[in-house]
2 protein chains.
Amino acid sequence: MITPVRRQTRQRHAITAAISQAGRPLSVHEILAIASKDQPGLGIATIYRTIKALIAAHTLHEVALPGADVRFELADLDHHHHFHCRGCDKVYEMAGCPGNLRSLTPKGFLMEGHDLVISGLCASCLGKRSARG
Amino acid sequence: MITPVRRQTRQRHAITAAISQAGRPLSVHEILAIASKDQPGLGIATIYRTIKALIAAHTLHEVALPGADVRFELADLDHHHHFHCRGCDKVYEMAGCPGNLRSLTPKGFLMEGHDLVISGLCASCLGKRSARG
DNA sequence: CTGCTTGCAAAACATTTGCAATCCC
DNA sequence: GGGATTGCAAATGTTTTGCAAGCAG
């Protein structure tokens with residue numbers, strides 16, 4: 001059951017602060033690791049419950065990626081897309097949008113939104129790769 | 001452990017035939033439902049094992065979607081993208097590609113691939129909606 | 001205070017794995 | 001026939017839920 005968000009608690013603050021300060025979408029386990037520093041003893045069940053409630057409240061957004069865990073980001077960011085690094089598995093935000101997507105939408109279908117993920121290697125992983133040879 | 005694919009079995013044929021004949025990416029449970037008609041008694045473990053092996057063999061491809069189960073499709077299709085219907089939860093293939101994605105890729109990052117999902121309502125769900133009023 | 005929210009532990013659900021029986025080549 | 005593959009059931013992993021204690025407003 002999804003309980004609507006009625007109170008601001010230490011736990012909820014730690015969770016949204018973790019996502020907000022990371023500046024990139026985080027997985028459940030990344031959220032647990034980061035928010036636990038602020039709130040030791042924070043339970044994983046609270047994270048799942050909070051994420052669900054915040055998504056229902058349109059405060060968080062889900063980012064789906066092939067072959068990787070789902071991530072969550074703040075919903076009030078400007079429209080943007082994501083880069084998924086196959087080296088370190090981190091997800092980065094990318095400015096911009098290719099646009100012109102309605103022309104891809106099949107005849108008779110209604111487009112309401114879209115998501116784009118580019119995958120490859122981030123600068124940090126490329127650096128490590130060339131350092132290794 | 002992922003066992004490489006060495007033999008063509010009735011089960012594997014039923015699984016790939018289900019995906020191939022559907023003409024759209026299928027979830028694990030869609031695959032079970034469809035392939036079971038051909039192969040009654042087909043176990044869910046076999047489906048998981050087969051999917052993993054076929055992905056490792058680059059025969060299948062994973063399609064990730066926000067708020068919906070992962071789907072699987074044949075890997076040898078022409079480059080294309082997907083439409084996810086929020087009404088019936090079906091995933092459709094869409095021809096075409098917006099292109100020009102390297103310009104979105106951050107400086108110093110290497111783009112190796114990309115995925116695009118448009119979401120909204122399919123023609124069938126739009127029809128039902130207007131029929132209802 | 002009041003009742004929403006939490007942490008814990010148990011439950012429910014999803015995925016993987018061990019193994020004997022079966023089936024492909 | 002021999003080894004890969006399967007189905008089952010058990011193991012493991014993930015997400016949800018019940019409930020008493022704690023906390024926000």
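Two strands count as paired if DSSP finds at least two bridges between them. Keep that in mind, since pairing comes up several times. The model on the screen is a predicted one.

I'll begin with chain A. Chain A contains four helices and five strands. Along the sequence the order is α-α-α-β-β-β-β-β-α. The C-alpha trace of this chain spans about 50 × 45 × 25 Å along its principal axes. Of the 133 residues in chain A, 39% are buried. The chain exposes about 7,500 Å², and 51% of that comes from carbon and sulfur atoms. Take the contacts in chain A with a separation of 6 or more: 46% of them are between residues 24 or more positions apart. As for charge, chain A has 16 positive and 11 negative charges, and their mean positions lie 5 Å apart.

Now to the strands where the two chains meet. How do E5(A) and E5(B) pair, parallel or antiparallel? They are antiparallel, with 11 bridges between them. As one example, A:Leu110 has B:Leu121 in E5(B) as its bridge partner. E5(B) also pairs with E3(B), and here the two strands run parallel, joined by four bridges. In that part of the sheet, B:Cys85 is bridged to B:Gly120 of E5(B). E5(B) is mostly covered, with nine of its 12 residues buried.

In soluble globular proteins, nonpolar side chains tend to be buried together. Which residues have the most contacts inside the largest nonpolar core? They are A:Ile118, B:Phe83, B:Cys85 and B:Ile118, in a core of 25 residues. At least two residues of this core come from each of these strands: E3 (81–85) and E5 (110–121) in chain A, and E3 (81–85), E4 (91–94) and E5 (110–121) in chain B. There is also a second, separate core, with 15 residues, among them A:Ala18, A:Leu42, A:Leu54 and A:Phe72.

Last, a closer look at A:Ile118. What does A:Ile118 contact, leaving aside neighbours within four places in sequence? In chain A, the contacts of A:Ile118 are A:His82, A:Phe83, A:His84 and A:Met94. In chain B, A:Ile118 is in contact with B:Leu101, B:Leu104, B:Thr105, B:Met111, B:Gly113 and B:His114.

Definitions and conventions
Residues numbered from 1 in each chain as written. Chains lettered and ligands numbered in written order. Predicted model: local features only at pLDDT ≥ 70, side-chain atom pairs only at ≥ 80, totals over all residues. Heavy atoms only, no water. Core = buried A, V, L, I, M, F, W, Y, C linked by side-chain atoms within 4.5 Å. Buried < 20%, exposed > 50% of the residue type's maximum accessible area, 1.4 Å probe, protein only. Contact = heavy atoms within 4.5 Å. Areas by Shrake-Rupley, 256 points an atom, 1.4 Å probe, with all protein chains shown as cover. Lys, Arg positive; Asp, Glu negative; His and termini not counted. Charge placed at Lys NZ, Arg CZ, Asp CG, Glu CD.
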